Amino acid sequence: MWGRTTEGRAVRTRAVRARVLRARSGQGRTAAWLGRRTRGVRGRDAQAGMSTAEYAVGTIAAAGFAAVLYKIVTSGPVSTAMRQLIERALDAGF
């Protein structure tokens, strides 16, 4: 119903004139450019720290998992079983 009344047309006309004047003076374009520029910078900075933290946690988890596997593989029963498996594989006849 905004455009049907005289008052609605007047409000819309003022808004259009204000936009045109800002565009002619360059203020509207500059403000829009600056807004896009700062939103982009904030978005990249927010993601940069997050991925670094994720990589750090992943690296620590991988190192811990490797340490646990090393302890298991070098334990007595597992070491003996692996040695026997390798000896059987090498002695297999073709």
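Val 68 is partly exposed, its relative accessible area being 46%; buried means under 20%, exposed over 50%, and partly exposed in between (1.4 Å probe, protein chains only). Val 68 lies in helix α2.

This is a predicted model, in which local features need pLDDT of at least 70, side-chain atom pairs count only at pLDDT 80 or more, and totals for chains, interfaces and linings use all residues. Residues are numbered from 1 along each chain as its sequence is written, and side-chain values use heavy atoms, without hydrogens and water.

The chain has three helices and zero strands; helices (H or I, at least four residues) and strands (E, at least two) are DSSP runs, numbered from the N terminus. Of its 94 residues, 3% count as buried.

Confidence is given as pLDDT, the predictor's score for each residue from 0 to 100. The chain averages 76, and 54% of the residues score at least 70. The table gives the lowest and highest mean among the elements.

| Element | Residues | Mean pLDDT |
|---|---|---|
| helix α1 (lowest) | residues 6–25 | pLDDT 67 |
| helix α3 (highest) | residues 76–91 | pLDDT 93 |

Where pLDDT is low, the predicted coordinates should not be read in detail.
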